[in-house]
Each structure stands twice: as structure tokens, then as C-alpha cells.
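Subject: Handover of a protein structure

Dear colleague,

Please find below the sequence and the structure that I am handing over to you. A summary of the findings follows.

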Amino acid sequence: MTSSASTLPPTDAIQRVLFIASTVHIYNIPPLTSNKGYTAAAWTADNNKRQIFTARLRIIETAVPLPKDAGESLSTEILLEDPSTGELFAKAPYTDAGAVEAVLDSSRFFAMRVVGEGGMKAVLGIGFEERGEAIDFGICLQECRKVLGLETPSEKKSAAKARAEAEVKKDYGLKEGQTIVVDIGRKGRRKAGDGDAGAEGHGGVESALFSIRPPPGPSEKGGGGAMPMLAPPPSAQDVRAEKRRSRGFEPVEKTAAELGFDDGEFGEFQ
């Protein structure tokens with residue numbers, strides 16, 4: 001393949017390297033004889049006599065601003081370069097999905113349509129040494145097709161299906177007549193109004209919150225609004241008398257004479 005000079009992009013263009021492979025084998029492949037596609041076995045037979053070059057492969061995206069802020073023009077090229085000097089060997093403008101075709105019998109080989117000086121076209125075979133690099137190459141081209149609008153009919157169908165699935169929104173609203181039952185773990189507790197249909201206000205809240213009801217208030221006992229009076233504590237004399245009774249000593253009432261007091265001469269003892 002004759003070397004072709006690289007066309008310099010405009011000065012205001014922005015270029016990005018989307019993919020790079022340091023070692024790619026280039027093959028001079030025979031013309032396609034079947035509509036089924038290319039096979040790499042025909043290139044690599046006879047001790048790789050069809051291999052013509054070992055190149056570095058790069059995918060370059062170029063964005064050129066359009067006048068009057070009308071956006072930008074995007075283009076993508078696949079460059080085959082000398083790995084030592086960087087001199088361009090061949091390039092393939094990626095203008096349609098057929099510019100690069102995967103072969104039928106290997107995941108590491110592709111057929112690529114390159115364009116030389118004067119618009120001359122040729123189909124070269126490229127082979128990656130690592131299967132992982134070949135997979136990354138194919139994924140990068142797929143993303144380029146999405147950006148450039150070069151998707152195949154099957155890719156467009158898959159993308160439309162994915163968008164439709166993403167746009168479907170689940171409706172979590174209640175339909176007409178539907179209700180929600182919320183269980184907050186109140187099993188075994190009294191409910192407001194159970195067994196006390198007339199309870200209102202604070203009493204009703206207490207009966208709902210506690211399993212044991214509080215003692216009735218004065219109004220429930222019929223005692224009016226006054227607080228009940230508590231009995232006074234026992235006196236010391238009552239305590240001593242209670243102790244004597246508990247020990248078996250009962251108090252005995254005796255007269256003054258029986259106790260040794262004389263109430264005759266001095267009058268009645270008082």
C-alpha cells in the first residue's frame with residue numbers, strides 16, 4: 001500500500017483519540033467472492049505470506065465548529081501508522097458501518113476499507129494479537145456509529161427498544177377503590193373506644209395507649225370536683241395502745257380509790 005499524506009484538520013478543530021492499539025498486523029486480502037463475508041483463514045494460510053505490514057492503529061474523532069454557533073461537525077477516521085516514526089500508512093474514514101467488517105471465523109480479524117491519495121480505495125485485513133484489544137476495537141466502533149448516526153437497522157431497533165423500556169414509568173398510585181392497610185404493631189393493646197364508648201379527650205387517649213386503665217377520677221365516683229380527704233395518721237397514744245392489744249394487755253378502768261387515792265378527807269379526787 002502506497003503511503004498517503006495526512007490531511008491536516010482546521011486550526012480550530014478539536015481532535016480526540018478514542019482508541020489505540022500499538023501492534024496490528026496488516027494483510028493484503030483477496031477480493032471477496034461470496035456475499036457471506038470475509039474469512040481470516042484465507043489470509044493467514046501459507047505462513048502469513050499475505051501480511052504486508054505491522055502498524056499502530058488509532059481511532060481519531062475530529063470536531064470542527066460550524067459558523068454562527070451552529071454546533072459542530074463530527075468525523076471519525078481509523079489511522080494505520082508506522083509504530084516507530086508515526087508516519088501514516090493508510091487511513092479509513094468511518095463514514096458507514098461497512099467501512100469495517102468483522103470476519104466470519106475469528107474475533108481478532110477485520111476487513112477495513114482504506115482510502116489513499118486521489119480517492120483510491122482498497123480493502124485490507126487487520127489482525128489484533130490479543131482478543132481483548134479486538135473486542136475493545138469493536139465496542140469503540142459501535143459507540144462511533146451511535147454518535148455519527150451510522151447505526152445498522154438491528155442496532156436502531158435495539159436502541160429503540162431500550163429507550164422504550166427506559167421511558168416506561170411504574171404507577172404506584174392507588175387505583176379507584178383500592179385501600180392501604182398499615183400494621184404498626186399494636187397487637188394486644190386497647191383501642192380507643194373499646195369497652196368505653198363514652199370515653200372522650202384524655203381518658204380516651206389513655207385507654208388507647210395503655211393496657212391497664214388508670215383509676216377513675218372524682219367525677220367518675222360521683223364525688224364532685226373536690227379532691228378526696230385522706231385520713232390523718234394515728235397518734236403516738238393510739239400506736240402504743242395498738243401494741244399493748246397485740247401483746248394481750250387489755251386496758252382496765254379502775255377507780256381512784258382502787259388506785260390508792262383517798263378522796264374522803266380532802267374531797268373527791270379530780
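Helices (H or I, at least four residues) and strands (E, at least two) are DSSP runs, numbered from the N terminus. With that definition in place, Glu143 and Lys146 can both be assigned to helix α2 (residues 131–148), where they stand three residues apart, about one turn of the helix.

The model is predicted, so local features need pLDDT of at least 70 and side-chain atom pairs count only at pLDDT 80 or more, while totals for chains, interfaces and linings use all residues. Residues are numbered from 1 along each chain as its sequence is written, and side-chain values use heavy atoms, with hydrogens and water left out.

Overall picture

The secondary structure of the protein consists of six helices and seven strands. The pLDDT is the predictor's confidence in each residue, from 0 to 100. Its mean for the protein is 77, and 67% of the residues reach 70 or more. Among the elements, strand β1 (residues 14–28) has the highest mean pLDDT (95) and helix α4 (residues 201–209) the lowest (52).

A residue is called buried under 20% relative accessible area, exposed over 50%, and partly exposed in between (1.4 Å probe, protein chains only). Of the 270 residues in the protein, 22% are buried. Contact means heavy atoms within 4.5 Å. Among contacts with a separation of 6 or more, 55% are between residues 24 or more positions apart.

Salt bridges

Side chains of opposite charge can pair when their charged atoms come close. A salt bridge is a side-chain nitrogen of Lys or Arg within 4 Å of a carboxyl oxygen of Asp or Glu. The structure holds six of them.

Arg58 is partly exposed, with a relative accessible area of 21%, whereas Glu81 is buried at 4%. Arg56 joins Arg58 and Glu81 in a network of salt bridges.

Another salt bridge is formed by the side chains of Asp96 and Arg113 (2.8 Å, N to O). Asp96 lies in the loop between β4 (88–93) and β5 (100–102) and Arg113 in strand β6 (residues 109–115), so this pair ties together parts that are 17 residues apart in sequence. Asp96 is partly exposed at 28% relative accessibility, and Arg113 is partly exposed at 27%.

Thr62 in strand β2

Is Thr62 buried or exposed? Thr62 counts as buried because its relative accessibility is 8%. This residue is placed in strand β2 (residues 51–65). Leaving aside neighbours within four places in sequence, Thr62 is in contact with several residues, including Pro9, Ala13, Gln15 and Leu74.

A residue in a loop

Ile184 is found in the loop between α3 (153–167) and α4. At 62% relative accessibility, Ile184 counts as exposed.

Yours sincerely,
A colleague
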